[in-house]
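Biologist: Can you put the model up? I'd like to go through a few spots with you.

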Amino acid sequence: MTTNTRREFIRKSALLAVASPMVLATTSERSFAQLPTKSLDETSAQAVALGYVHDATKADTTKFPKRKGPEGEKQFCNNCVLLLQSGVKLEGKEGEWGKCAIFIDGLVNSKGWCNSWAPKA
Ligand code: SF4
């Protein structure tokens, strides 16, 4: 196993270890039929803690440097492994919204971002 492959394996394992309980909690407590009908509140404690914004270009890159630079600027909810469902339209809101494994109380924007972003395989 090369260093890069090993590093990728460790990174994905850590991500799964963090995300799996959240996904299980989400799916066991709320089925997908109970998809939130509102957008996530960007000012909620969890959203603020993870730097979530509906418009990824407005991410605070001083506080969350992960989204800084050319590679960081490619990060959006719509290419994050934690986006479970996408393509939802919300009345009165522009863009597409989706269900994130982390945020259970509202939908995230497909062009949004938070510090838990991880690439789809
Ligand atoms: S974990 Fe991924 S899908 Fe969820 S809000 Fe963060 S970037 Fe978006």
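Biologist: Where does Ser39 sit?
Modeller: Ser39 lies in the loop between helix 1 (3-29) and helix 2. Helices here are DSSP runs of H or I with at least four residues, strands are E runs of at least two, and both are numbered from the N terminus.

Biologist: What should I know about the model before we go on?
Modeller: It is a predicted model: local features need pLDDT of at least 70, side-chain atom pairs count only at pLDDT 80 or more, and totals for chains, interfaces and linings use all residues. Residues are numbered from 1 along each chain as its sequence is written, and side-chain values use heavy atoms, with hydrogens and water left out.

Biologist: Is Ser39 buried or exposed?
Modeller: Ser39 counts as buried because its relative accessible area is 14%. Buried means under 20%, exposed over 50%, and partly exposed in between, with a 1.4 Å probe and protein chains only.

Biologist: What does Ser39 touch?
Modeller: Leaving out residues up to four places away in sequence, Ser39 touches His54, Leu90, Lys93, Trp97, Gly106 and Leu107. Contact means heavy atoms within 4.5 Å. Ser39 and Asn109 are 70 residues apart along the chain, with their C-alpha atoms separated by 7.7 Å.

Biologist: And Trp97, which residues does that one touch?
Modeller: Trp97 touches Ser39, Tyr52, His54, Gln85, Ser86, Gly87, Val88, Leu90, Leu107, Val108, Asn109 and Ser110, again not counting residues up to four places away. Trp97 is also one of the residues with the most contacts inside the largest nonpolar core.

Biologist: How many residues does that core have?
Modeller: The largest nonpolar core has 25 residues. Besides Trp97, those with the most contacts inside it include Leu40, Tyr52, Phe103 and Trp113. Strand 1 (83-88) and strand 2 (97-100) each supply at least two of its residues. A nonpolar core is a set of buried Ala, Val, Leu, Ile, Met, Phe, Trp, Tyr and Cys residues joined through side-chain atoms within 4.5 Å.

Biologist: New topic, the ligand. Which residues are around it?
Modeller: Tyr52, Cys77, Cys80, Leu82, Leu83, Cys100, Ile102, Phe103, Val108, Cys114, Ser116 and Trp117.

Biologist: What about Ser110, buried or exposed?
Modeller: Buried, at 15% relative accessibility. Ser110 is in the segment after strand 3 (108-109). Beyond four places in sequence, Ser110 contacts Phe76, Cys77, Asn78, Glu96 and Trp97.

Biologist: And Glu91, buried or exposed?
Modeller: Glu91 counts as exposed because its relative accessibility is 82%. Glu91 lies in the loop between strand 1 and strand 2.

Biologist: Last one. What pattern does the protein follow along the sequence?
Modeller: The pattern is α-α-α-β-β-β, from 3 helices and 3 strands. Buried residues make up 34% of the 121 residues.

Key. A residue is near a molecule or strand if one of its heavy atoms lies within 4 Å of it.
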